[in-house]
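Trainee: Could we go through this structure together? I would like to begin with a pair of charged side chains and then turn to other topics.

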There are 2 protein chains.
Amino acid sequence: MGDLVGQAVVGTLYYIPYSEFQRVCALNVPSERRAAIFADMCRLNALYMIARAGSGHIGSSFSSLDIMSWLLLEEVQGGDVFFSSKGHDAPGYYSVLIGLGKLDFELKHKLRKIDGLPGHPDIGTPGIVTNTGSLGMGISKAKGMVLANRIANRPGRVFVMTGDGELQEGQFWESLISAVNFGLHEITAIIDHNKLQSDTFVKNVSDLGDLEAKLRAFGWRVERCNGNDIGAFAATLAALKGETRPKIIIADTVKGKGVSFMEHTSLDSDVAMYRFHSGAPDASSYRLAAQEIMERLQNRLHEAGSAALEFEKVEREATTPPPATAQRLIAAYSRALLEQAEKHPNLVALDADLVLDTGLIPFRDKYPERFIECGIAEQDMVSMAGGMALNGMLPVVHSFACFLSARPNEQIYNNATEKTKIIYVGSLAGVVPGGPGHSHQAVRDISALAAIPGLTLVEPSCEAEVGLLLDWCINEAPGSCYIRLVSLPWEIPYQLPEDYRPKYGQGVTLVEGTDVAIIAYGPVLLSAAVQAAGILVKEKNLGVKVINLPWLNIVDSNWLKTTIGSCKHVLCLDNHYVIGGQGEVLSRTMVQWGSQHARVHHLGLKEVPPSGTNPEVLSRIRLDAGAIVEIIEKELNR
Amino acid sequence: MGDLVGQAVVGTLYYIPYSEFQRVCALNVPSERRAAIFADMCRLNALYMIARAGSGHIGSSFSSLDIMSWLLLEEVQGGDVFFSSKGHDAPGYYSVLIGLGKLDFELKHKLRKIDGLPGHPDIGTPGIVTNTGSLGMGISKAKGMVLANRIANRPGRVFVMTGDGELQEGQFWESLISAVNFGLHEITAIIDHNKLQSDTFVKNVSDLGDLEAKLRAFGWRVERCNGNDIGAFAATLAALKGETRPKIIIADTVKGKGVSFMEHTSLDSDVAMYRFHSGAPDASSYRLAAQEIMERLQNRLHEAGSAALEFEKVEREATTPPPATAQRLIAAYSRALLEQAEKHPNLVALDADLVLDTGLIPFRDKYPERFIECGIAEQDMVSMAGGMALNGMLPVVHSFACFLSARPNEQIYNNATEKTKIIYVGSLAGVVPGGPGHSHQAVRDISALAAIPGLTLVEPSCEAEVGLLLDWCINEAPGSCYIRLVSLPWEIPYQLPEDYRPKYGQGVTLVEGTDVAIIAYGPVLLSAAVQAAGILVKEKNLGVKVINLPWLNIVDSNWLKTTIGSCKHVLCLDNHYVIGGQGEVLSRTMVQWGSQHARVHHLGLKEVPPSGTNPEVLSRIRLDAGAIVEIIEKELNR
């Protein structure tokens with residue numbers, strides 16, 4: 001075994017084949033010990049999946065693997081189900097399912113790839129009983145499952161795992177209340193209390209206080225144990241047998257458990273950033289981590305009097321990082337926000353536990369007194385922003401677009417009825433990155449927010465436009481705004497004119513042409529449009545005009561008419577569902593002209609998007625240059 | 001005084017003029033006693049406002065008036081603010097503001113009238129600091145206000161009142177967490193714990209359990225007192241001085257306090273329906289209630305050694321109840337649901353504390369085991385429905401359209417990604433009734449839900465169509481559906497053809513015509529359209545075709561083309577914001593035809609709608625027959 005590990009080199013990835021899981025499952029050792037070995041095997045495989053995929057959540061998978069392994073090996077049976085409300089632990093859970101033969105082994109190689117295993121759980125995958133990834137819904141769903149079982153007179157318990165950061169979501173507490181009133185003892189909730197959320201400690205984000213007292217006060221039976229000690233966890237479960245109240249176990253775990261330097265307890269201070277929340281490990285971290293797990297496994301097998309494990313290996317596929325020239329909208333946003341903050345002493349920034357992803361670290365560090373960390377509590381955050389705006393502040397509210405547009409949807413409307421000014425900034429907008437899957441692909445945010453009176457929705461196409469639009473929103477917009485940001489670094493084949501300034505409802509032509517007009521927004525689709533225009537002019541001698549229209553829910557009718565000019569075809573591209581996207585706003589304006597002669601086509605999403613690599617997803621949903629070329633050719637021949 | 005009360009007759013309404021409030025405020029009696037008299041005076045005036053308006057919330061206003069009076073008379077000063085998160089107690093609060101001279105006395109006569117006092121609080125009214133009416137946002141807003149004060153280095157405390165049913169909302173618990181972390185001692189929350197929500201006891205809807213223990217566990221300083229005993233309440237407030245944690249007072253109150261037969265404690269059982277939650281008292285209840293309050297007031301003044309109060313009186317305006325022939329969609333829905341429930345043993349109905357308003361009482365009584373009362377917990381309800389659908393049930397989920405479409409917006413999307421079948425039923429849809437104001441006017445629900453893949457949105461135009469569409473949703477729809485229901489009884493000047501059956505994406509012509517086509521949905525706008533068509537044919541000899549299109553987010557393109565036929569103008573009516581409404585879906589379809597010749601006009605909301613009587617609101621926002629006539633004439637002359 002030392003040999004094999006010694007051979008581990010940058011680029012080699014290790015995993016454990018199904019036959020070895022079968023062998024370990026048959027080992028004649030105490031069940032707790034078997035489960036601990038099984039869990040460690042799953043750690044290596046989860047690490048493999050994440051390294052190969054290039055992204056995924058190690059820390060959350062590792063902290064929960066002992067619990068999941070025990071539950072699936074020994075506890076969940078018959079009509080029982082287990083699911084995790086966390087979502088982030090999907091690679092861990094997939095590894096358990098694969099180790100148990102409940103999921104095709106070959107899927108192990110297809111995490112976050114199309115037709116493979118989605119970044120967050122989806123019931124399209126065998127063994128997944130409900131879709132999770134947006135936090136706080138788990139216990140509610142468990143309650144529904146149990147009530148349905150009761151009505152159908154079916155037995156069946158539900159084991160539902162939650163995160164600890166997740167407990168900041170109001171729905172978690174909302175869901176506790178009626179579980180007690182209905183007496184849903186079939187539910188056992190397990191809090192994977194690994195103390196960290198995203199990249200830092202829960203207590204630094206929004207301290208949960210006396211968790212046991214809270215849960216007890218809500219009327220649940222509460223137990224607490226070490227969730228990485230399988231014996232202790234099993235004993236706790238056993239102690240809950242016969243309990244007639246719904247049950248909850250606070251399982252104290254270590255984030256990154258099983259790899260010394262990935263364990264959160266190895267952080268040298270509680271303000272340090274934890275590096276293994278999301279994303280793939282670098283080559284050297286991977287090698288060290290795999291080595292540590294493999295060595296421990298071989299020792300464990302040896303102690304169990306069993307033959308050493310056989311590891312399979314594969315070379316890591318070459319991945320190309322985004323080029324230095326790629327547009328990085330989040331970084332541009334960080335800079336632009338600092339500039340505005342300097343000019344506006346009443347500008348405050350609110351965050352929902354995504355300080356890194358939303359580009360807020362520079363602001364937080366420079367203006368700590370104007371930075372409000374709200375935790376994973378979007379409703380609270382948005383209503384707090386409402387209160388701040390009423391008292392003279394200019395709140396800038398941040399989260400991922402998928403969550404910000406939907407979770408506090410009514411709170412945003414309520415603020416709008418007060419006619420104060422608030423800037424909402426939704427990052428991770430659009431269908432890519434495709435890896436995380438539909439819980440994170442924000443393709444419904446325009447629709448969910450467009451009708452809010454006084455709210456202007458904008459999306460920048462490049463770094464330069466980020467600052468211009470933020471400036472417009474803060475200094476010129478009459479009311480509140482929503483800024484939609486693509487988070488992926490993206491190389492763009494166009495440039496805004498030197499003297500470009502955003503004009504309300506008007507766009508800017510990036511490529512001239514007189515046959516077809518493509519109207520789009522954001523770097524992903526505008527790049528595809530410009531590429532398609534290049535292909536069409538070259539291959540078909542077709543003049544395709546490409547227009548960047550950063551306004552998502554308004555358009556200047558005269559500008560639009562002039563811009564379309566004599567083009568016989570208009571193609572509206574939406575990095576969003578077609579329903580409720582920009583193309584619909586454009587259509588409403590165009591039909592008001594009467595007798596307009598351009599034929600309009602809409603390209604965008606019609607169904608829930610798949611999880612996969614970015615090119616896979618864009619190709620599957622037909623939102624890449626090739627698809628645009630094809631559509632235009634087809635339209636012209638109609 | 002006996003004389004005056006003796007004269008109280010059906011049709012006479014009593015109120016107390018401002019001069020009498022000034023006199024009482026100057027009374028040289030202990031402040032608690034003065035406040036109690038003041039509160040009772042406000043009770044009479046709130047009762048007057050509600051009786052005159054024909055709707056409003058007596059129970060919730062009366063329970064909280066002692067607290068509000070004390071706070072506004074004695075506690076709130078300088079930079080301090082008070083607001084109520086409940087919203088329902090607006091008539092009580094208006095009475096306090098008016099009694100204090102902070103609000104124009106004449107507004108007392110204009111509750112729920114246009115340019116008067118909205119049914120739920122709006123900051124357009126002096127003395128109202130934030131918009132409430134949708135529950136659970138209060139403490140979050142208070143936190144924002146305090147944080148803003150701190151940043152601006154302004155002093156100021158925030159007193160925020162909440163309901164008790166409101167505590168079922170997750171946002172309430174979500175908001176408690178960071179208040180403690182931020183140490184927001186400037187906040188004093190007061191729970192008006194009147195034990196009832198809507199029409200029955202909180203404990204019967206979704207029991208709150210040990211409320212004190214819960215709040216303490218969340219780290220707040222908790223006190224409890226009799227909220228209708230001003231001395232006790234004042235002493236409790238005094239005891240909290242100097243506390244460095246955020247503070248919360250559980251104020252035990254009596255719903256309907258101050259009128260013996262309106263007090264919830266007079267109910268003869270805890271399963272009885274409480275009659276004074278919403279709506280105006282009938283003439284005899286009004287007379288008895290007014291008499292009781294007036295007698296007590298005169299006694300109190302007498303005891304205080306002061307002259308008797310002068311009451312003003314006014315004759316109640318005649319109101320015409322909706323005619324027996326009016327279409328009652330909620331009642332039709334109740335019947336249709338029972339029919340479907342009989343055929344589908346897996347049909348379950350979920351309610352969020354609106355069992356009466358959503359028409360669920362017949363279902364609950366007939367199928368108690370298939371009825372799930374979720375409390376004011378829409379997120380939890382929708383995710384529970386998701387869990388039930390995954391386990392083979394057919395959940396039908398109910399709330400007001402304004403809440404159902406927005407509050408659990410992400411949970412509905414999450415369910416949709418699971419591709420199970422769930423029926424959502426949003427009542428109180430559209431801009432009328434106009435009395436409750438924008439928190440309850442559901443005019444953004446189509447937009448908020450339209451893009452959810454697989455979700456079909458429908459709205460019936462009359463009783464007959466309710467059953468047909470529910471039948472379609474349950475037995476024919478491929479996926480989930482949202483049924484949008486106008487709750488107001490409405491007289492309609494049209495009838496569906498005898499053999500009418502809903503056809504996916506297709507509508508039905510109610511009035512024939514070849515010059516202009518009006519496409520609309522629902523009883524309110526279709527009635528206006530049919531009336532307008534009648535006027536136009538008579539006065540202008542103009543053939544106006546009126547089409548009922550019950551499908552809100554899809555349309556059959558060929559049907560639409562054929563139906564519009566040679567009409568030169570198309571008018572799309574939306575009982576909704578124009579953005580994201582049905583008219584936008586129609587536009588997207590029409591522009592795809594290219595060279596279409598009809599000019600399309602959209603009529604719907606562009607701004608937050610006002611509160612007022614139904615005719616006032618429809619006229620102000622220009623969605624009545626007169627406005628339609630005018631628009632069409634203008635369009636024709638363009």
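Predicted model: local features only at pLDDT ≥ 70, side-chain atom pairs only at ≥ 80, totals over all residues.

Trainee: Are R43(A) and D40(A) buried or exposed?

Mentor: R43(A) is buried, and D40(A) is buried as well.

Trainee: What about E243(A), which residue does it pair with?

Mentor: E243(A) forms a salt bridge with R245(A), with 2.8 Å between the closest N and O atoms. E243(A) counts as buried because its relative accessibility is 12%, under the 20% limit. R245(A), at 37% relative accessibility, counts as partly exposed.

Trainee: And how do D365(A) and R364(A) meet?

Mentor: Their side chains meet in a salt bridge of 3.3 Å, N to O. D365(A) is exposed, because its relative accessible area of 53% is over 50%. R364(A) counts as partly exposed at 29% relative accessibility.

Trainee: Which residues do salt bridges with shared partners join into one network?

Mentor: The network consists of D40(A), R43(A), D66(A), E292(A), R296(A) and R300(A).

Trainee: How many salt bridges does the structure hold over all chains?

Mentor: The total is 69 salt bridges over all chains. Between chain A and chain B, the count is 8. One example has the side chains of E410(A) and R407(B) meeting at 2.9 Å, N to O.

Trainee: Let us stay with the interface. How many residues does each chain bring to the contact?

Mentor: Chain A brings 99 residues and chain B brings 99 residues. Together the two chains bury about 8,400 Å², of which 56% lies on carbon and sulfur atoms. In chain A, the residues that lose the most area to chain B are E174(A), E410(A) and R444(A), which together make up 9% of what that side buries.

Trainee: What rotation superposes chain A on chain B?

Mentor: A rotation of 180 degrees does so, with 0.0 Å of shift along its axis and an RMSD of 0.0 Å. That is the relation of a two-fold axis. The same surface serves both copies, as 100% of the contact residues of chain A recur in chain B.

Trainee: New topic: where is T420(B)?

Mentor: T420(B) lies in the loop between α16 (409-417) and β13 (423-427) of chain B. T420(B) is buried, with a relative accessible area of 15%. Leaving out residues up to four places away in sequence, T420(B) touches A389(B), L390(B), N415(B) and S480(B).

Trainee: And where is E317(B) found?

Mentor: E317(B) is in the loop between β9 (312-315) and α12 (329-343) of chain B. E317(B) is partly exposed, with a relative accessible area of 43%. A polar contact of 2.9 Å joins its side chain to that of R52(B).

Note on methods:
Residues numbered from 1 in each chain as written. Chains lettered and ligands numbered in written order. Heavy atoms only, no water. Contact = heavy atoms within 4.5 Å. Buried area = accessible area lost by both parts, 1.4 Å probe. Salt bridge = Lys/Arg side-chain N within 4 Å of Asp/Glu carboxyl O. Helix = DSSP H or I, 4+ residues; strand = E, 2+ residues; numbered from the N terminus. Buried < 20%, exposed > 50% of the residue type's maximum accessible area, 1.4 Å probe, protein only. Least-squares fit on C-alpha atoms with pLDDT ≥ 70 in both. Polar contact = N/O pair within 3.5 Å; in protein donor to acceptor, adjacent residues only side chain to side chain.
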